[in-house]
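This briefing goes through one protein chain by topic. Please look at the sequence and the structure before reading the points below.

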Amino acid sequence: MALKEEFSNRWGIILASLGMAVGAGNLWRFPRLAGQYGGTFLILWIFFLIFWSIPILLAEFSIGKKIRKGVIGSFAGIAGSGFTWMGFFIAACTLGITFYYSVVTAWSLQYLGLSITNLFNTDTSFAEKLSAEPDFLNNYWADISNANTVTIILHVIAVILGILLLYKGIQKGLEKANRILIPSLFVLLVIISVVALNMENGVKGLEYMFSIKPELFGNATIWIEALSQSAWSTGAGWGLIMTISSYSRNKEDVTLNTFVGSFGNNTASILAGIAILPSVFALAETEEAAIAFLQSGNQSLTFTVIPQLFAEVTGGDYLAVIFFLAFFMAAFSSLLPMLELFIKIIGDMGLTRHQASIRAGLFCIILGFPSAYSLDFFNNQDWVWGIGLVISGLFIIFAAVKYGVLKFKKDLIDIDSDFKVNNSYFAICLYCNIFLGIFLIYWWMSQGYSQYPWFNEAGNWNLFDVYSNASIITQWVFLLLVGVIFNRLIYKTFSK
């Protein structure tokens, strides 16, 4: 029988929680959304942290700490064997994200390599490259995000690096890695933020970031973007914190750890916004041009603006290396718990950690290949499973409600917590979030982001359109049907 694995102390699990939460969502996704919507987005984002993400994370943490299995087994242990299919969906949704998240890690590695190469290129500086070819960075981004061979290779390398670390176990792998990655990441973000704010017009970017436009509160998109960003970034509904807490010590404080991880994640996001948005204003010819660029929602914001910023400042070549090292650390620290979730699930089938690690790595390499090869496939998976996190969150809420909300809080959350949240706050959030989650999914899908959201021009089910509702429903329903049909088998396999 394998020895029980657990973190060595409280800091081990706090850093693991921060590593899970602080990732590409903070440095890549958050600045783009804050740039599009400004302070209006920030208000909704903070609201959803308190109202949606924290209650779900409290439930997740306590479930993992109580049952101590992978996501499927832990969920079934609380919700009951008849609802194992819900745990299966949560796990599959997160793995759907894992299979393309390794590609984001690969992108960060490519830009880190570009920065290091530029550092040792004594013939031409980065600034001279941009001066000679203004679209150099846009072309570079277009190349690596569209079937670039190097991206595919680095996707494989990122997964292998993660598996090699986790192969050693929790204390020797995940815990040791996070002791280096997370503090270093925060220090680097502070340095970059200071540089950006001290550039000419940099403060205008900060003012824009916190400016509030009340009319945007009537926009359906900003609400679901704020919810999905909070869930995507904090890890609410992923099952990741459920996996991490399954390695916690018996007396671990559920509430304190959840709050430290959640607010630490939002702090990292704010720092990333302070680093990137002022950079846009510092580089733009006019304030109007900066605002127009940000409001376009450019996906490549982090990958094009930051290198341009550093090309303009003294020592910028070194700062570019520091930034993309931080980006890689953030992406990699979040990839690790995603891989660990897969390892834990496979381990519940009776395999050793080494056997589970190898199998998880192979699956991630193979199933991540389509996203590494096709940006359209990548965007589709981000679209489908990013919204799928709301469904996963609703399932976790269901488990707590079925158990009895206040009984769940008393038996699983408060039992070892010195710091306790108010009973009414927890209950109101969970019950209201059932209706809120369903309404926002409907509101989001009713916007019609595809030209043909359900059926194509010929009247056929529009499955292969990147942003179609038909693609979302098809993939969700397929997983749900598999889970329901094979519910008993899945329970027996993962709840031993």
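Two residues are in contact when heavy atoms of theirs lie within 4.5 Å. With that cut-off, and leaving aside neighbours within four places in sequence, Phe408 is in contact with Ala59, Ser62, Ile63, Ile78, Ala400, Tyr403, Ile413 and Phe426. The model is predicted, and the points below describe the chain as a whole and then some of its parts.

**The chain overall**

- The secondary structure of the chain comes to 22 helices and zero strands.
- The chain has 496 residues, and 60% of them count as buried.
- Taking the contacts between residues at least 6 apart in sequence, 83% join residues at least 24 apart.

**The nonpolar core**

- In the largest nonpolar core there are 159 residues.
- Phe408 is among the residues with the most contacts inside this core, together with Phe41, Trp107, Tyr111, Phe323, Phe327 and Trp476.

**Aromatic pairs and a cluster**

- The structure holds 24 aromatic pairs.
- One of the aromatic pairs is formed by Phe89 and Phe395, with 5.6 Å from centre to centre and 80° between the planes, which is edge-to-face.
- Phe89 belongs to helix 5 (residues 84-119) and Phe395 to helix 18 (residues 375-403), so this pair ties together parts that are 306 residues apart in sequence.
- Phe89 and Phe395 are both buried.
- Phe455 and Trp461 also form an edge-to-face pair, because their ring centres are 5.5 Å apart and their planes stand at 75°, where over 60 degrees counts as edge-to-face.
- Phe455 is partly exposed, at 46% relative accessibility, and Trp461 is partly exposed as well, at 39%.
- One aromatic cluster is made up of Phe30, Tyr37, Phe41 and Trp45.
- Phe41 of this cluster is also listed among the residues with the most contacts inside the largest nonpolar core.

**Helix 4**

- Helix 4 spans residues 71-79 and is mostly covered, with eight of its nine residues buried.
- Those buried residues are Val71, Ile72, Gly73, Ser74, Phe75, Ala76, Ile78 and Ala79.
- Ile78, one of the buried residues of helix 4, is also one of the contacts of Phe408.
- Gly80 follows helix 4 and has a positive phi, near 105°.

**His155 in helix 8**

- His155 is found in helix 8, which covers residues 149-166.
- The relative accessibility of His155 is 0%, so His155 counts as buried, the cut-off being under 20%.
- The side chains of His155 and Ser102 are joined by a polar contact of 2.8 Å.
- Beyond neighbours within four places in sequence, His155 is in contact with Ser102, Val103, Ala106, Cys364, Ile365, Gly368, Phe369 and Ala372.

**Ser471 in helix 21**

- Ser471 lies in helix 21 (residues 469-485) and is buried, with a relative accessible area of 1%.
- The side chain of Ser471 has a polar contact of 2.9 Å with that of Asn380 and another of 3.0 Å with that of Gln475.
- Leaving aside neighbours within four places in sequence, Ser471 is in contact with Asn380, Val384, Asn462, Leu463 and Asp465.
- Ser471 and Val384 are 87 residues apart along the chain, and their C-alpha atoms are separated by 7.5 Å.

Terms used. Residues are numbered from 1 along each chain as its sequence is written. This is a predicted model: local features need pLDDT of at least 70, side-chain atom pairs count only at pLDDT 80 or more; totals for chains, interfaces and linings use all residues. Side-chain values use heavy atoms; hydrogens and water are left out. Rings of Phe, Tyr and Trp (its six-membered ring) pair if their centres lie within 6.5 Å; planes under 30 degrees apart count as stacked, over 60 as edge-to-face and the rest as tilted. Helices (H or I, at least four residues) and strands (E, at least two) are DSSP runs, numbered from the N terminus. Buried means under 20% relative accessible area, exposed over 50%, partly exposed in between (1.4 Å probe, protein chains only). A nonpolar core is a set of buried Ala, Val, Leu, Ile, Met, Phe, Trp, Tyr and Cys residues joined through side-chain atoms within 4.5 Å. A polar contact is a pair of N or O atoms within 3.5 Å; within protein, one must be able to donate a hydrogen and the other to accept it, and residues adjacent in sequence count only if both atoms are side-chain atoms.
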